[in-house]
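These are my notebook entries on one protein structure. I set down what I looked up, in the order in which I looked it up.

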Amino acid sequence: MGATGTIDWDKIRADFPLLRRQVHGKPLIYFDSANTGQKPECVIAACDDFYRRHNANVSRAVHQLGSEATEAFEGARRKLAAFLNVRADELVLCSGTTFALNLVAYSWALPRLKASDAILLTRMEHHANIVPWQLIAQRTGATLRVAELRPDGSLDLPALYAAMTPEVKLLAVAHVSNVLGTVNPVAEICRQARARGITTVVDGSQAVPHMPVDIAAIGCDFYAFTGHKLCGPTGTGGLWAKREHLQAMPPFLGGGEMIKEVRFDGTVFNDPPHKFEAGTPNIAGFVGLGAAVDYLSGIGMAAIQAREAALLAHASEELRKIDGLRIFGSAPEKAAVISFAIDGVHSHDLATLLDLEGVAVRSGQHCAHPLLQWLGVGTTCRASLAFYNTHAEVEAFIAALRKVIRLLA
Ligand code: PLP
């Protein structure tokens, strides 16, 4: 399959069993994919098949099942690495972005940063890309610096580059905002940071599921992502890091799998990436994530991006026609995430009534309190779309929203 025009999107939607269900007697309209993505049949089948036919622990047993499980797990690592254009031995498999960013915080930043250093963040970061750095700042005395946004929700790039002074040792930036949908020019941002000797961490949680991502082309030091937003199982994700960092960083957690030899007077650690993978991993989950990557590659990430852009344009156009509705985030480069609020209506009331109409949207602060403070709203509703959504669902969502607004007026 190539361009969107040649793809049968209805057929693709039929791959997702959950999307056939009803809620409150209405067909489900799932517009919460930025929260977690739905899973195609092939992913569910891969996890099921692993448990039925291959279940064993990895890297520990010479028996047949042990080698099958190890091969399936390492196969998933290779698939993910190819999908993101990185080396498999530079890809640490972990429970998701939160773990990945904490790994960088505790293994890379904590031993290096000093009281005279600064960590540069942006206003649009998810708590997972704020709180670990705050904890490290408290432990090291380093300061946090925040790059602000333009009114359209894009990064103020000149201000960001001006903030990259010699004290800044680390820059942590989202590839795509989970609230505004803004797609940040991370390759250029990393180029600017690199020129100033700043180490870069990119939070790719909301990018990897929605567009082709070539980590090598971005040129960052660390790239974190989550598998459950990528049509994969929960409790899966990864951290890509430059080999030199992985070699130099001490392990984050100790235990089985991450060692070569343990004696009471000292331990020889395993080579990266295994050095950072203590304990039994989510083996079936990664087998499922490998299947998800195959599935998405079969459709093509460029086609998925184009499909979601069309759904975003449709939904945004219809939402803009609703009186009193404000959309937060109108950056020129935007993913299919629409945060909105309606004058005089609480977003929880809106989301609760939409749920009764079968529409699942998220309401609240979206794990981005500093951004919501900047937006000047307590909460927003967030409709986040994926390629398995349809234009008919967009129409039905708008009709449901209009009905709910009339009820609440
Ligand atoms: N960063 C962003 C931008 C996110 O949207 C999310 C999840 O919503 C995370 C980080 C955290 O991901 P996880 O909870 O899978 O670790």
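**Entry 1: the sheet.** I found seven strands in an open sheet of mixed pairing, ordered β4-β10-β9-β8-β7-β5-β6. Strands (E, at least two residues) and helices (H or I, at least four) are DSSP runs numbered from the N terminus, and two strands pair if DSSP finds at least two bridges between them. The edges are held by β4 (91-94) and β6 (143-147); each has a single partner strand, so one side of each lacks a neighbour in the sheet. Direction ignored, neighbouring strands are turned by 20° against each other on average.

I note that the model is predicted: local features need pLDDT of at least 70 and side-chain atom pairs pLDDT 80 or more, whereas totals for chains, interfaces and linings use all residues. Residues are numbered from 1 along each chain as its sequence is written, and side-chain values use heavy atoms, without hydrogens and water.

Entry 2: I counted four bridges between β4 and β10 (residues 237-241), which run antiparallel. L93 is opposite G238 of β10. Helix α3 (residues 64-84) packs on the sheet and touches β4 and β9 (222-226), its direction making about 120° with that of β4. Contact here means heavy atoms within 4.5 Å; axes are lines fitted to C-alpha atoms, for helices over the stretch in contact, with angles from 0 to 180 degrees between N-to-C directions.

**Entry 3: helix α14.** Which residues of α14 are buried? I listed E393, V394, F397, I398, A400, L401, V404 and I405. They lie on the same side of α14, because they cover an arc of only 170° around the axis, the arc being that of the directions from the helix axis to the C-beta atoms. On the other side of α14, A392, R406 and L407 are exposed. Buried is under 20% relative accessible area, exposed over 50%, and partly exposed in between (1.4 Å probe, protein chains only).

**Entry 4: aromatic rings.** My search of the whole structure gave twelve aromatic pairs. Rings of Phe, Tyr and Trp (its six-membered ring) pair if their centres lie within 6.5 Å; planes under 30 degrees apart are stacked, over 60 edge-to-face, and the rest tilted. Y106 and F252 are stacked, because their ring centres are 5.7 Å apart and their planes at 15°. Y106 lies in α4 (residues 97-112) and F252 in the loop between α9 (243-248) and β11 (259-263), so the pair ties together parts 146 residues apart in sequence. F252 is partly exposed, at 27% relative accessibility. I also recorded a cluster of W9, F16, Y295, F387 and Y388, linked by ring pairs.
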